[in-house]
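Open the model in your viewer and follow along. We start with the whole chain, then zoom in on one place.

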Amino acid sequence: MQVCSRDALSQKKCGPCSGQVAALDIATTKAQLAELQEGWYLTHNDQRIRKDWKVRNFKVGMAFLQQVGDIAEEEGHHPDFHLEGYQYVAIEIWTHSIGGLSENDFILAAKIDQVPVELSKKQPKRKVEESINSS
Ligand SMILES: C[C@H](O)[C@H](O)[C@H]1CNC2=NC(N)=NC(=O)C2=N1
């Protein structure tokens, strides 16, 4: 796979996720990750990408996830959603059929980055994930 800019990614369409879709190697994964907006990181043994947000309130979080859900349906590629502690949102993406990352995951991430979301004025000093676990 060719590494794409975030603009190019956001204009692509997710292809069908059969077992045939190619898993990205770690070098391509890291290069592609660097093209996304800030905040995405690798998790689950480098087999998923995840981003965390502390949003203004619960309704903002729900509305954001609804918009992302609409995009996911359109793309036929579906992320895992988390909304915890009423304002901590996280999204995890991977390609289930290969148990790892494919270009589809980055296409979806680039599209998610284009959805506006109102963040909390009080951002956690530590990573959002750590804040949830300790509160
Ligand atoms: C037939 C259809 O394309 C597949 O079942 C899709 C649906 N959504 C999916 N979403 C994600 N994230 N990974 C998949 O492998 C996947 N497979």
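Show the cartoon and trace the chain from its start. Along the sequence, the protein reads α-α-β-β-α-β-β-α-α. That gives five helices and four strands.

Now colour by confidence. This is a predicted model. The average pLDDT of the protein is 93, and 95% of the residues score at least 70. For the complex, the predictor gives an ipTM of 0.92 and a pTM of 0.93.

Zoom out to see the overall form. The C-alpha atoms fill a box of roughly 40 × 30 × 25 Å along the principal axes. What radius of gyration does the protein have? It is 15 Å, which agrees with a compact globule, because a globule of 135 residues would be near 14 Å.

Of the 135 residues, 45% count as buried. Next, think about contacts between residues at least 6 apart in sequence. Of these, 70% join residues at least 24 apart.

Now select residues 58–75, helix H3, and residues 103–112, helix H4. These two helices pack at an angle of about 140 degrees. Their axes lie 10 Å apart. The crossing of H3 past H4 is right-handed.

Show side chains here. Which residues make the contact? From H3, pick Phe64, Val68, Ile71, Ala72 and Glu75. From H4, pick Leu108, Lys111 and Ile112. Colour this set by type: six are nonpolar, two are charged and none is polar.

Methods
Residues numbered from 1 in each chain as written. Predicted model: local features only at pLDDT ≥ 70, side-chain atom pairs only at ≥ 80, totals over all residues. Heavy atoms only, no water. Axes fitted to C-alpha atoms, helices over the stretch in contact; angles between N-to-C directions. Left-handed = near helix turned anticlockwise from the far one by under 90°. Contact = heavy atoms within 4.5 Å. Nonpolar A, V, L, I, M, F, W, Y, C, P; charged D, E, K, R; others polar. pLDDT = per-residue confidence, 0-100. Rg over C-alpha atoms; globule rule 2.2 N^0.38 Å. Buried < 20%, exposed > 50% of the residue type's maximum accessible area, 1.4 Å probe, protein only.
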